[in-house]
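Hi there,

Here is the structure I promised to send over. Have a look at it first, and then read on for what turned up in it.

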Amino acid sequence: MADWWDADGRRHRKQFSTSAAAREHEHRETALAHAERASREMKLAARTSVGKASAGKTRGKKASGDRWSSVETVNGTVEPAKGKLGVMIPGMGAVATTFVAGVEAIRKGLAKPIGSLTQMGTVRLGKRTDGRSPKIKEFVPLAGLDDLVFTGWDIFEDDMYEAASNAGVLDYRLLEQLKPFLSSVKPRAAVFDHNYVKKIDGPNVKKGKTKMDLAEQLRQDIRDFRKSSGASRLVTMWCGSTESFIEPTEAHQSVKAFEKALRTNDELIAPSMIYAYASLMEGVPFANGAPNLTVDLPVMLELSRKNEAPICGKDFKTGQTLMKTVLAPAFKARMLGLNGWFSTNILGNRDGEVLDDPGSFKTKEESKLSVLEHILQPELYPELYGNMFHKVRINYYPPRGDNKEGWDNIDIFGWLGYPMQIKVDFLCRDSILAAPIVLDLVLFLDLAKRSSELRSLGIQEWLSFYFKSPMTPPGLYPEHDLFIQSMKLKNTLRHLKGEELITHLGLEYYD
Ligand SMILES: NC(=O)c1ccc[n+]([C@@H]2O[C@H](COP(=O)([O-])OP(=O)(O)OC[C@H]3O[C@@H](n4cnc5c(N)ncnc54)[C@H](O)[C@@H]3O)[C@@H](O)[C@H]2O)c1
């Protein structure tokens, strides 16, 4: 005798000659019932989401990416991108100057915004058969490149033209064409502490009795820039050197404790944190391109949420880690094992010099190492990833300048444990890869600030796509897989516009 339940929950009973046959029949019928129910549920979910999406479409106001109109959906409102957007950059080095010079070159029609999702990317809407794939910048209201105005802080007195010439990333013939504009962007005096960046020192530094005084001076700089530039909105983007490794302490746990620590000159308040505090106090979004803690602290999350100034970080995902977050998900998707991953780099720019100091290197190393553990989940797959050896080296080698070379030796294993090797030799250009990331982050953080739904969240996890160590809400592990990150980003844009989210389920095509 065998009992089983069908997809509608009805009980059935049948007589069999052997108990093994009865068990087999019972298992098969139960499996079929599960499959049928799951398929029905998926179809229903797909239909409901279509219904929800059409219900969520833009209410009344314009739904196009026209940046001068607001967007209103059941998911909230996005205010228009009216007026100028001021970009404030602590650290006017290779990345910052390549970004600003690049924006100006693109505005003048001298080059194309290659590598920038906001400028070149599209977002698919609706079904694959609908043929709707607008450009991202036409889909959501983003600031235009012509609306960007810039300022920065640095410990050196070089203006953007001199700093870009020293960085040696861009061809001097291009820089000459941009000279009047780049020369006009002069560095404000920096908040700096040599103990946090041991390899460099410079004269253009603010003085103050306490760290709170320094924060007040930065806040004044921000207010001055807002006024002098006429910007209606601002964003701060940390492109300063990597600071020495520190761990969060009591002083970083709340705004109250942090402000007390600023007044008492707590040595564990790093300069980048003072810029972050000043920006968030002024209600200005802050992104962190380096691996320092900076905004990755409870105090900054509290301030960000309170003042509706979105934050994100940390450490731009450019060369070697970009490759890692493409290859590692492929190994895991195919259940290929990993014995070891040895990564080494040679680079000769100022960033490389700073990272030659063990304190700054430790900060970078932590950021680079965490990626594989999170993607490969050795706790779930101990036979495949339980014994992997992961090593990252960065070697300062001046002849290469900004043209880094990143080598990876990857020892994988396949069917029956047979070993294989992959070698990656990426001859990249660090700042050429970083500049479009800066542009996208500036435009997306400004979008987040104008979105009623995103601006009070604090951490903008949908921007994980751009970072080596993405920030997440407390208790959540970061998502490192580049393709999951890309899907998350585009689904966030669809959500803002009340469009159907794309799950790639695809069952609706077979209805
Ligand atoms: N280029 C990349 O691919 C990449 C990738 C990930 C992260 N990063 C990070 O981005 C940051 C910038 O990189 P880069 O190549 O432009 O370095 P860089 O050395 O050329 O520029 C950094 C600038 O910051 C300035 N600075 C240091 N401390 C400062 C402070 N407290 N206030 C104001 N200015 C300060 C330095 O004087 C320097 O001009 C570094 O932290 C780097 O690790 C770069």
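Let me start with the surface: the chain exposes about 23300 Å², and carbon and sulfur atoms supply 54% of that area. Please keep in mind that this is a predicted model. Of the 511 residues in the chain, 52% are buried. The secondary structure comes to 16 helices and 14 strands. If you count the contacts with a separation of 6 or more, 73% of them are between residues 24 or more positions apart.

- Val95 places a backbone N or O atom 2.8 Å from an oxygen atom of the ligand.
- Gly240 has a polar backbone atom 2.7 Å from an oxygen atom of the ligand.
- Tyr275 uses its side chain, where an N or O atom is 2.8 Å from a nitrogen atom of the ligand.

How much of the ligand does the protein cover? On its own the ligand has 830 Å² of accessible area, and the protein covers 98% of this.

A search of the whole structure finds 9 aromatic pairs. One of them is Phe150 with Phe181, an edge-to-face pair at 6.2 Å centre to centre, with 80° between the planes. Phe150 is in strand 6 (residues 148–154) and Phe181 in helix 6 (residues 172–183), so this pair links distant parts of the chain, 31 residues apart. Phe150 counts as buried because its relative accessibility is 10%, under the 20% cut-off. Together with Phe99, Phe150 and Phe181 form one aromatic cluster.

Another pair is Phe331 with Trp341, which is tilted: 6.0 Å centre to centre and 50° between the planes. Phe331 lies in helix 11 (residues 320–333) and Trp341 in strand 11 (residues 337–347), so the pair ties together parts that are 10 residues apart in sequence. Both Phe331 and Trp341 are buried.

One last item concerns a charge and a ring: the charged end of Lys362 sits over the ring of Phe245, 4.7 Å from the ring centre.

Best wishes

Technical notes. Residues numbered from 1 in each chain as written. Predicted model: local features only at pLDDT ≥ 70, side-chain atom pairs only at ≥ 80, totals over all residues. Heavy atoms only, no water. Phe/Tyr/Trp six-rings, centres within 6.5 Å; stacked < 30°, edge-to-face > 60°. Helix = DSSP H or I, 4+ residues; strand = E, 2+ residues; numbered from the N terminus. Buried < 20%, exposed > 50% of the residue type's maximum accessible area, 1.4 Å probe, protein only. Lys NZ or Arg CZ within 6 Å of the ring centre and 35° of its normal. Contact = heavy atoms within 4.5 Å. Areas by Shrake-Rupley, 256 points an atom, 1.4 Å probe, with all protein chains shown as cover. Polar contact = N/O pair within 3.5 Å; in protein donor to acceptor, adjacent residues only side chain to side chain.
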